[in-house]
Amino acid sequence: MPFLRHPFSTFAFVAGVLFAASASAAETRPFDTAELDHAVMPCTDFDRFVNARWLASHPIPADEVRWGVFDQLTLESLRVQHDIAEQAAGAAKRADGDASRRQLGLLYRSGMDAAAIERAGLTPLRPVLDAIVRLKTPADTAAFLTRAAAEGQSFVFAFDVQGDFRDARRQLGAASPAALGLPNRDYYTEARYAGERKAYRAYMIRLFRLAGDATPEQAADAALALEAALAKATLSPTEARQPANQFHALRADEADRLTPHFHWAPFLAAQGLSAQAEFSLAPPAFFAGFDRLLASAPPAQWQAYLRFHALDDAAPYLAQAFQDAAFDFHGRALTGQQHDKPRWQRVLGTVNASMGEAMGRLYVTRTFSPEAKQRAQTLVTRLLAALKTRIEALDWMSEATRARALAKWQAFVPKVGYPDHWRDWSGLDLSATDYYANVRALARYNHREAMARVGKPTDRTRWSVLPQTVDAFYRAQDNSITFPAAILQPPFFYADGDDAINYGGIGAAIGHEATHGFDDAGRQFDGQGNQTDWWTPEDNAGFNARADALVRQFDAYAPLAGHPDVHINGRLTLGENIADLGGVHIAYDALQSALKANPAEARRQIDGYTQDQRFFLAFARIWRARMREQQTLVYLSSNPHAPPRERIIGTLGNVPAFAQAFQCKTGDAMLRPAGEQVRIW
């Protein structure tokens, strides 16, 4: 669910050694001013000033859809993880030693055994396809969906565990939409996505032909028509990120009234839950629409839809012809990616998706010490203190709301580096030769682990992300902010770097995640993770007025010169834009506190730039990236983050300290008029 995890970026699995020197020049020198483009004035276009020269000399690799700081680190990380996986695969030949490492090695070996995967062909998926062919009635289809969910396989909707929005101390089962193969509902109807719809239909036909379907075109048309009908019942990305649309508690008898052709007591029982258990069914309108189609769409149409999605889901784990078909659509047609990634990278993606915490334990043993964790925790504490000071000083907030905001601040759960307790993989038994069977076994294993947490007290120390993720997260359900080991490295943090570089990098990331607790969605939850309104009406109106101004600002940006009519959705990206703006203010304040305690450092210039200037240089550098045009179009339609360039110029235009640091004057493009500057936190 988009609201529950607010990524600082969208890229993952990055290696790093906090506070340790690297052989690369980029890591031994915290900021190379030779990269700056002095043909552009900082107050005219700060993104180009900081990043244009680097971007011009670093084209997007053929197997990437974007390239920048995060992506470089991702590639370095994958090489580290490759070595870990290769060693685990070798050790997996022996039955002794680390059990979870052995299972990881078996999964990796099976994924790398291309010959065995080719020999298997479509055989691993035949039982599922045969079961779909036997569906003759709505009751048959409902029973199939129930069995598939119990196996950890989502068709139409997903079923997982989540916190109770009314009482965050307990965990409930939760059903949520998972019906579409295109990025969002607009792709099924709007004229500008006609090319993507045509490519999607061609992909369906290709998969049906590979599976031996006698009438692939007819099957594709049936599947696409049903999916388009499901899209009509699906919320837009903007609607879906609203907490009100993410939780709706009821019991099976109440749910059956919403979906009279799909019965929830047997569904819950199949997941190992009590048939009387309360669970979330959200949003209700989607499930009502699904039920209408369950009853009205012909069984043959449901068969076509389910066969396609079974093939699409399995394609990455089947013979090369299926993998090629999946890449040609999901990669080449949809995002503009020119070449698929090498097999070892794709298999590592499966490892991380299925056994990521097992990889994470091995990863941090190599790259992240307990001492590094302690130092990072100290930095998080400093940034949170700066946020508290800003809340205390807000001039637009009443004392009643301020007291509740500070209570929420006090209840933050920071998670740094890696979990204190690692997951137990007991009972998992994988094969060295059957990749698809391993993927399905892990899906069952992980689903059962999730269902075992339903009805249990919430564990606020539990990690929902991986240590090897180069990212940072806020989670409203437990009011936690998470900073995995992989982001605590250059260019976000340098052991020998000056304060300005570190606060402009990792400091802004920490401030960003903390601000998510108070963005347009996060502010609807209290410090324990309960959805509740803790705002006075006046403060609520004041917040919304400021937020609406930020929406209008980002609505005006059209990032693609070739598509001047395609704008950023300021409402969809509002939470991230609030967090970017708050993060910069918090990190800048923390820097000023550090410099006040060290006057000599405050006066020091490095390469001709002051500490304030270096702070903003570091901030702009972490968003250094370019994206392919097709990927940008997908991003603008469905991603809650603005593109990298607009995150720089859109944020800094609202920061008076930036204008002061570079002596921007009225009329400069980077300086928004004083009456239009947005300040929230």
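Trainee: What should I know before we start?

Mentor: This is a predicted model: local features need pLDDT of at least 70, side-chain atom pairs count only at pLDDT 80 or more, and totals for chains, interfaces and linings use all residues. Residues are numbered from 1 along each chain as its sequence is written, and side-chain values use heavy atoms, with hydrogens and water left out.

Trainee: How do you know that C43 and C664 form a disulfide?

Mentor: Look at the sulfur atoms. A disulfide is a pair of cysteine sulfur atoms within 2.5 Å. C43 and C664 have an S to S distance of 2.0 Å, so they are joined by a disulfide. The structure holds one disulfide.

Trainee: What makes this disulfide left-handed?

Mentor: The torsion about the S-S bond of C43 and C664 is about -85 degrees, so the disulfide is left-handed.

Trainee: Which parts of the chain does the pair link?

Mentor: Distant parts. C43 sits in the loop between α1 (25-28) and α2 (46-56), and C664 in the segment after α27, 621 residues apart. Helices here are DSSP runs of H or I with at least four residues, strands are runs of E with at least two, and both are numbered from the N terminus. C43 and C664 are both buried.

Trainee: Why is K665 called exposed?

Mentor: Buried means under 20% relative accessible area, exposed over 50%, and partly exposed in between, with a 1.4 Å probe and protein chains only. K665 has a relative accessible area of 55%, so it is exposed. K665 lies in the segment after α27 (656-661).

Trainee: What makes helix α26 largely enclosed?

Mentor: Count its buried residues. Helix α26 (residues 644-652) has nine residues, and eight of them are buried, so it is largely enclosed by the rest of the structure. Among the buried ones are P644, I648 and L652.

Trainee: Why are α17 and α22 called roughly perpendicular?

Mentor: Start with the angle. Helix α17 (residues 370-393) and helix α22 (residues 574-596) pack at about 105 degrees, with their axes 8 Å apart. Axes are lines fitted to C-alpha atoms, for helices over the stretch in contact, and angles run from 0 to 180 degrees between N-to-C directions. Angles under 35 degrees count as roughly parallel, over 145 as roughly antiparallel, 65 to 115 as roughly perpendicular and the rest as oblique. The angle of about 105 degrees therefore makes α17 roughly perpendicular to α22.

Trainee: Which residues of α17 and α22 meet?

Mentor: Contact means heavy atoms within 4.5 Å. R382, L383, A386, L387 and R390 in α17 meet H585, I586, A587, D589 and A590 in α22. By class, that contact has six nonpolar, one polar and three charged residues. Ala, Val, Leu, Ile, Met, Phe, Trp, Tyr, Cys and Pro count as nonpolar, Asp, Glu, Lys and Arg as charged, and the others, Gly among them, as polar.

Trainee: How do you know that β6 and β8 pair?

Mentor: Two strands pair if DSSP finds at least two bridges between them. β6 and strand β8 (residues 480-484) have five bridges, so they pair, in the parallel sense. In β8, S480 is the bridge partner of V413, and F483 stands opposite V416.

Trainee: How many bridges join β7 to β8?

Mentor: Three, and these two strands run antiparallel. F473 stands opposite T482 in β8.

Trainee: What makes β6 and β7 edge strands?

Mentor: The open sheet has the order β6-β8-β7, with mixed pairing. β6 (413-417) and β7 (473-475) each have a single partner strand, so one side of each is left without a neighbour in the sheet.

Trainee: Why is β8 called largely enclosed?

Mentor: Five of its five residues are buried, so β8 is largely enclosed by the rest of the structure. S480, T482 and P484 point one way from β8, and I481 and F483 the other way. Helix α17 lies across β6 and β8, and helix α20 (residues 499-516) lies across β7 and β8.

Trainee: What makes the phi of N479 worth a remark?

Mentor: Most residues other than glycine have a negative phi, and most peptide bonds are trans. The phi of N479 is near 55 degrees, a positive value in a residue other than glycine. N479 is found in the loop between β7 and β8. N479 has a relative accessible area of 0%, so it is buried.
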